[in-house]
Amino acid sequence: MVVNWTRRETHSCGGFVMALAAMIFSCLLIGVTGQDAQAMTAEEKSKIRDQILEMFDHAYNSYMDYAYPADELMPLSCRGRVRGMEPNRGDIDDSLGKFSLTLIDSLDTLVLLNKLDEFEEAVRKTVRDVRLDNDIVVSVFETNIRVLGGLLGAHVMADVLKQRGERMQWYRDELLHMAKELGYRLLPAFNTTSGLPYPRVNLRYGVANPLSRTGTESDTCTACAGTMILEFAALSRLSGDTIFEEHARKAMDVLWEKRQRGSDLVGTVINIHSGDWVRRDSGVGAGIDSYYEYLMKAYILLGDKVYLERFNTHYSAIMKYISQPPLLLNVHMHNPTVNVRSWMDSLLAFFPGLQVLRGDLKPAIETHEMLYQVTKQHNFLPEAFTTEFRVHWGQHPLRPEFAESTYFLYKATGDPYYLKVGQSIVEKLNAHARVPCGFAAVQDVRTGTHEDRMDSFFLAEMFKYLYLLFSEKSQLPIDIDDYIFTTEAHLLPVSLSTTQPSCHTNNTEPQAHEDDLFSYSCPSAQTLFPNNPTFAKTIRDGYKYLTGVGRAQQASPVRGIELPLHDTGLEPVEFLKSMGISLTPLTELISASQGSAFQDSQKGVFKLKLVAEVSQTPEHEEVVPLIVQLISPPFLGRTVLTAGPAKFGMDLTKQEHGVKGSIVKSVPYMACGPIENAVELQGHIALALRGDCMFAAKARRLQEAGAIGVIFIDHREGSSSAETPLFQMVGDGEPTDDITVPLVFLFSKEGATLTAALQEHHNVDVLLLPKEKQLGKEKPEKLNIKFRLAKEGELAEGETESTTIQLVLEQSESATETDTEAASLTGDNQKTCTFPQKDPKNSP
Ligand code: DMJ
């Protein structure tokens, strides 16, 4: 179905976007055939749905049986976590307010999973048992998204059930009253000059009170200040009390005002008094994530187009600087072409889901696929992983973001592939996180060890997204398209946009920006990928073996390595360890796959799996600059482009004369699919655009097509070696020894010079070589000083009595080490010394 969502005239605080969420999904969805996953039958889906229900029961009942009324379950010790009675975990404990956190966070999940008796019972318990006035310091952000959001979502559900006349007839808005009480307990946090909230508040004493034990903080994270609007606006509109929406809106206005005007990005940490940025790194993960999410969703929930326009402005900046498909990398907000770290955090896994809401499917599919490959390698997403997909921080607290994006992508594509992804999440949770008293967080995905922790978001979010993934709309107790998910997956009705808002017009108008396809229209999959029902698969295919998992056996990095000492001694292993190389004995790997053949290893030969993880790869490795020198007429070596090297392929520093060849553009230019101009490429150096798939995948393809080298050109507009430090291209996590051609990287400005040359002259010969070997570069001139003995009679009278040495100065451009060597070899009695002559240009 092609539906164009035409430009709509909405007025601040008065728009009507009730059906927006539903429209976005329905207009994105197309019939999908020919994917790389068989469609699931209704029976298969129903089986998995039952499995999810059983898992939820196991988690929820464990909490209720062993932990309630505590905030969280400790699933290894089968008891509740009560703050102050367990070792302090720092910031993580700030979400524990002695208010039965897990119960409140689970309420609307109970409804969605059709556990209506349990819901009614849980609401009674909440109303009866939960106190919100404890003398305890809590995180404003966490309390808002989990507790306030939980109470509001549950109130909305309770109301729906009551209206149907079957259940909850006793309900008198108690949850809404509790939400309002909590709202008032959070409000003191907004008492700052800027309007940005304090990060913590004492539920009983607020912030300023001497008894509050908080209020000394000066900074907060962007997401902490920018993730209040949905809950606070819903509270205002449901209760009729305007104050909440006003405060949350003000905080959003400040963040928008403080964005970096050049890049349109925001930093990670901001000073709540001055509004100055404290940490200027900018990404879409930890510290910022839900600020962007709430801009988009505030528009959907509240119908105020200011939020959408702000979102669109930020989104363009994200796609320009942070999105480096399939990666999302933090950059410096003032200097956004500079990546500030080489790892990603798992919180960014929500981003493909947000991109689906925006209608930008291609990068969503790409990043999601990358994340899926990482989960294949490590079972779960580690909290942080490097751009080479190695574990940077191995913890996994059962976060739901990957399941969330999987659900959104399934809704948008209808591709059963995403059901398979969902199934793998279910299986991995059961296999690696399930324990007798619930589900335990993973302390380190590399070892699979558990942590005594089951965060409330596991029940609030994970089970909602998984259950929805395998359910038909008709199987749900509510029409899910009438609701928007908060960042904690609580359900707020989009009908709130019709409730007269409490707010004043936003005081900061967004800058005018060029509209693109997505700014005001609903981009259908058919518009985006005309007549291509397998678009999702085609996009995914480029990332299939990103981490090496699943590649055919012959490419497996299992090697036999000859180590020189005894076959039983540990010394070689220890020796390699000391070099930072981890080795896993092959015996641990072969029993399942290769059987006994490997067992009969010869004496003195160690058969090992080379994990090839150099444990301490320096963050700032030295990058040897290379050049692309244009040598054919009319350039004749005068045009020299600075290029970056690769960690694989031919090592150009070891080539005496570099590699020479004429350049040919690869078709397709991205080189992520089959190469169509292999005949033309034979024996030439290929030009390929960065993006869509890994450098190694492109290099392999082009090498196979006959290219003798590859020049990759950055796809990010405006990048240049003058502004961005060179980096080394990395492989795809697989051995890259098969790639033998030289590979160099040009930023887009240098790349444009090269492609312009090619367009104008058709035949352009280049030389790829290290910068220091650049042809025709002025070498320091050498001055030869020669000594010789004067011949008899040559000297003036009176100078003959003793042997005289005459110093002859002779400037020679051509003097070389060979000359020197020749001189000494021939026994010439002229003694030659050389030293560099002073650069005439620098002479006074
Ligand atoms: C949840 O509490 C919310 O999704 C929040 O926005 C960040 N992440 C956790 C779960 O990972």
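Which side chains does a polar contact of 2.8 Å join? I started my notebook with that one. The two partners are Lys297 and Glu293. Before going on, I remind myself that this is a predicted model.

**Entry: around Lys297**

I placed Lys297 in helix H10, which covers residues 289-302.

**Entry: the ligand**

I looked up who sits around the ligand. I found Ile145, Leu347, Arg399, Pro400, Glu401, Phe457, Glu461, Thr487 and Glu488 there. Sorted by class, that shell comes out as four nonpolar, one polar and four charged residues.

Then I checked polar atoms facing the ligand's oxygen atoms. Arg399 has a polar side-chain atom 2.7 Å from an oxygen of the ligand. Thr487 puts a side-chain N or O atom 2.7 Å from a ligand oxygen. For Glu488, I noted 2.6 Å between a polar side-chain atom and an oxygen of the ligand. How much of the ligand's own accessible area does the protein cover? I wrote down 93% of 290 Å².

**Entry: aromatic pairs**

I went through the rings and got a count of 27 aromatic pairs. One of them is Tyr63 with Tyr68: the ring centres are 6.2 Å apart and the planes stand at 80 degrees, so I filed the pair as edge-to-face. Tyr63 is buried, at a relative accessible area of 0%. Tyr68 is at 16%, and that still counts as buried.

Phe695 and Phe745 were my next pair. Their centres are 6.0 Å apart and their planes are at 80 degrees, so this pair is edge-to-face too. Which parts of the chain does the pair link? Phe695 belongs to helix H22 (residues 695-704), while Phe745 is in strand S29 (residues 743-746), so I have distant parts of the chain here, 50 residues apart.

Ring pairs tie together Phe56, Tyr60, Phe439, Phe458 and Phe463.

**Entry: charges over rings**

I then searched for charged ends sitting over rings. Arg540 lies over the face of Tyr417, 3.5 Å from the ring centre. Lys665 has its charged end over the ring of Tyr669, at 4.5 Å from the centre.

**Entry: helix H8**

Why do I call helix H8 largely enclosed by the rest of the structure? The helix spans residues 229-239, and nine of its eleven residues are buried, so the description holds. The buried ones include Ile229, Phe232 and Leu235, and also the charged residues Glu231 and Arg237. Just after H8, I noticed that Gly240 takes a positive phi of about 85 degrees.

**Entry: Ser263**

I found Ser263 in the loop between helix H9 (243-257) and strand S6 (269-271). Ser263 sits in a loop, but I still have to log Ser263 as buried, with a relative accessible area of 3%. What separates the C-alpha atoms of Ser263 and His334? I noted 6.7 Å, for two residues that are 71 residues apart along the chain.

Technical notes: Residues numbered from 1 in each chain as written. Predicted model: local features only at pLDDT ≥ 70, side-chain atom pairs only at ≥ 80, totals over all residues. Heavy atoms only, no water. Phe/Tyr/Trp six-rings, centres within 6.5 Å; stacked < 30°, edge-to-face > 60°. Buried < 20%, exposed > 50% of the residue type's maximum accessible area, 1.4 Å probe, protein only. Helix = DSSP H or I, 4+ residues; strand = E, 2+ residues; numbered from the N terminus. Lys NZ or Arg CZ within 6 Å of the ring centre and 35° of its normal. Near = heavy atom within 4 Å. Polar contact = N/O pair within 3.5 Å; in protein donor to acceptor, adjacent residues only side chain to side chain. Areas by Shrake-Rupley, 256 points an atom, 1.4 Å probe, with all protein chains shown as cover.
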